[in-house]
Each structure stands twice: as C-alpha cells, then as structure tokens.
Amino acid sequence: MIPALMPTYNRADLAFERGEGAWLWTADGRRYLDFGAGIATSSIGHNNPHLVKTIAEQAAKVMHVSNLYRVPQAERLAERLVETSFADSVFFCNSGAEANEGMIKAVRKYHAESGHPERFRMICFEGAFHGRTLATLAATGNEKYLAGFGPPVDGFDHVPFGNMNAVRAAITERTAGIMIEPVQGEGGVRPASLDFLRELRRACDEFGLLLALDEVQTGMGRSGKLWAHQWAGIEPDVMSSAKGIGGGFPLGAILAKEKVAQYLKPGTHGSTFGGNPLACAAGNAVLDVILAPGFLDHVDRVARHLWRGLLGLKERHPAVVEGVQGAGLLLGLKLKPEVSNTDMQAAAVAEGLLTVAAGQNVLRVAPPLIITEEEADEAVRLLDRACLRLTPEKAKEAAQ
Ligand code: PLP
C-alpha cells in the first residue's frame, strides 16, 4: 500500500528529534554531525537561539497578513538585502523553484516591456538544477526529471557548462538572458570558473541580455562571500535566493536591478505566503548572524580548513576519492567510478555523519556555516572511516 506521505523521496530510515549547532539527535539518542544542513539550508545551524527567539516572538504577534498590506519585516529585509547586494528591489516567495520561476518571468517581462516580446529564450547549462516546477524543470533540462510531465515549457537552450564558444553560438535574436548557478550544486558541486562568469557578463552586455544568477544554493554566505558571484567581481541583473536565507524557515527571494524590477508592477506577479511577517522575521535574524563582523571571514577560513582535510582523504584513500571540488562550504568529494556516492553517503551515516549525494558521483559536503575547525576535523575523521568501509580489500591491506 502507498504510504500516507507521498513517496517522492528515497528517505534514510532516520528521524531527528532535535538539533544543536551542527549536530542532530534521533529520538533514541543517536548523535549525527550534520554536514548536509538539510541540503545546504540550515545556514546558521540548528536551534540557533537568536533565530528561535525571533520566530517564537513573531509567531506570537502575527504570522501572516497577505501582501494586501504593508509588511514591515519584509520592508526591512528587502532594504538590508538591497544595501548589501547589487540589487535595487526584492520580491519574496517561499522556495528556490518559486524564486527561479519568478526570475524567468522577470527576464521575459523586461524584454517584452522594452519592445522585444520575441526575446524570451534563456541560455541554460548542462548539469544545471533550477527546481521542480514546469518552467524550472525545463530550465534544468534533465531528461530524467522531465520524463512523463508533458511537453517541456519552451524557451530554454542548453549548452555545455563552462563553454563560452557554445554560449556565444547559442545566442540568437530571441535570446533574453543567461541563467546559471555560480557553482552547480545538484549537478555535482561544479564551480563555474570566475573567468567564465566574467565572460558571461561581457556577452550579456554585448548582446543586451540579462544575466540571471541562481544563487539558491550558493548564496547567503555559503561561498565565503555573501553572494558567490562577488568572487568574480561581477554583478548580475537579477538573482534568485532561497535555502540558507531563512536558516531552515521556508523563504525565497528574487533580487533585481531597477531596470528589471520596474516592470513587475501590481498584478504581474505574486504569492500569498511570500514575504509574510514570520518568514521575513526569520530572514532578518539569519542576516543578523551572517552580516555580523567577521562571520564571512570565519566561513572562508573554516572552508579552507575543511578543503585541506578533504584533500587528505584523497591522499589516504586513492581507491575511493578522486578529488575535491566546490567553493566555500559547498564542497564535493568526487568519488572513483567504482564507488557509488550513495554507498559512501550510507557509509558516512553509519559513522555518524550526514552528507548529501550530488550528480556525477559526487558526495556533497555542505555543513551549516557556523561549524568550527574542530567539527570540520571530526567530519574528515568520520569520512576517513567511511572510506575504509568502502575501500576494496586489497587496497585496504596495502594501506595498513
Ligand atoms: N536552484 C538551485 C541551485 C537548487 O540547488 C535548488 C534546490 O536544490 C533549487 C533551485 C530549487 O529549490 P527548492 O527545492 O527550494 O524549490
């Protein structure tokens, strides 16, 4: 019989009762080091006192009023995001897919209102992941996810990730923009080179296209800067954010330059829950932590420390680990083809460590941004043991 909870996920048989910082406990008292952070989402850790207090206080006042009224918490969060980013204006929603869906609409609207309704196509990248709604699935372009859901939404042209010649060749008079994750997350923790991002910016300027960044996974401090594109010294025209922005509370956002945002007038786009007082109170509390002096430096430092630790795994377990890739605290262990990332994920769970599988046989390591160097070391120690569980017997004997 089908479970009451629709079986859209292959779930591990683990149920967590409480969390603290980077740690989670099951009801029967088993403790796990959470280096998956709910798929790169619990940005400031579990049970952060400031976030918990803020949510509890706001919930006791008012949670939801709708966007028929002013929402001071949303105004404040938008102002702070504008102050700290390229954007002039922000739209709030509830998830990454919803943010991307709105971002795609914003790009199309910009060209339509500028007298070019024929420019609605987006150049996207092989290996991308932008969400599960119909348009974001089409932007994702993965046949496996699209199968069975009817004709894909039109308007998305895919080219190889990192190939500037292919991008330029794909631009036509119907192209509206380029949509890219600065680091492909689900697709295998693959960073775009900073030069490639700069080249994309240049091509957008040259052809009058909008650069639309999906920073759902890379944003809100995960890369060691507030937004990953800042490493390349470029600015997008529009950007999506979700995951870490609410620290575990559902919140998404579209951040846009005025030239794009000006066309999203009343009636063009909306969301009943988007930007409600509770979600935005949570967003403000997360920002308080992430914008505190020294916090992003901490992320950068601990990320480099973790990177070095993961590189050690490659040296000690060459039969298991092929390499380390990613940026900041969005890191991936590329595994040997003989070792499956889901087996590695299960081996890590057996050692008390939570991680997330990603495409291209990569094990994603994306802890809360508040981890200490000691916790990074502990994760490497647990991964060491997980590697031993998977090392073919001969290699294990040789290593001893
Ligand atoms: N964009 C990126 C880069 C993502 O990693 C994800 C989720 O993994 C999404 C969009 C979709 O976000 P959500 O699951 O909140 O709809």
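These notebook entries record what I looked up in the predicted model shown above.

**Entry 1. Ground rules**

I number residues from 1 along each chain as its sequence is written, and I use heavy atoms for side-chain values, with hydrogens and water left out.

**Entry 2. Overall form**

I found 14 helices and 17 strands in the protein. Both are DSSP runs numbered from the N terminus: helices are H or I with at least four residues, and strands are E with at least two.

I then looked up the radius of gyration, taken over C-alpha atoms. The protein has 21 Å, which agrees with the value near 21 Å for a compact globule with 400 residues. The globule rule is 2.2 Å times the number of residues to the power 0.38. Along the principal axes, the C-alpha atoms fill a box of roughly 70 × 55 × 50 Å.

Of the 400 residues, 53% count as buried. I use buried for under 20% relative accessible area, exposed for over 50% and partly exposed for values in between (1.4 Å probe, protein chains only).

**Entry 3. The ligand shell**

Which residues are closest to the ligand? I noted G96, A97, E186, D214 and Q217 as the closest of the 13 residues that surround the ligand; a residue is included if one of its heavy atoms lies within 4 Å. Helix 4 (residues 96–113) gives the largest share of this shell, 3 residues.

By residue class, the shell holds 3 nonpolar, 6 polar and 4 charged residues. Here Ala, Val, Leu, Ile, Met, Phe, Trp, Tyr, Cys and Pro count as nonpolar, Asp, Glu, Lys and Arg as charged, and the others, Gly among them, as polar.

I next examined pairs of N or O atoms within 3.5 Å, the cut-off for a polar contact. A polar backbone atom of A97 is 2.8 Å from an oxygen atom of the ligand. Polar side-chain atoms of E186 and K243 each lie 3.2 Å from a ligand oxygen atom. On its own the ligand has 390 Å² of accessible area, of which the protein covers 81%; the area comes from the Shrake-Rupley method with a 1.4 Å probe.

**Entry 4. Salt bridges**

I counted 20 salt bridges, each a side-chain nitrogen of Lys or Arg within 4 Å of a carboxyl oxygen of Asp or Glu.

The side chains of E75 and R70 meet at 2.8 Å, N to O. R70 is exposed at 65% relative accessible area, and E75 is partly exposed at 29%.

R121 and D154 also form a salt bridge, at 3.1 Å from N to O. R121 lies in strand 5 (residues 121–125) and D154 in the loop between helix 6 (143–146) and strand 6 (156–159), so this pair ties together parts that are 33 residues apart in sequence. R121 counts as buried at 11% relative accessibility, whereas D154 is partly exposed at 47%.

In the pair R201 and D205, the closest N and O atoms are 2.8 Å apart. These residues are separated by about one helical turn because they are 4 residues apart in helix 8 (residues 194–207). R201 is buried at 11%, and D205 is exposed at 52%.

Which residues are linked with R201 in a network of salt bridges? I recorded D205, D237 and K259 as the others in that network.

Definitions and conventions:
Predicted model: local features only at pLDDT ≥ 70, side-chain atom pairs only at ≥ 80, totals over all residues. Polar contact = N/O pair within 3.5 Å; in protein donor to acceptor, adjacent residues only side chain to side chain.
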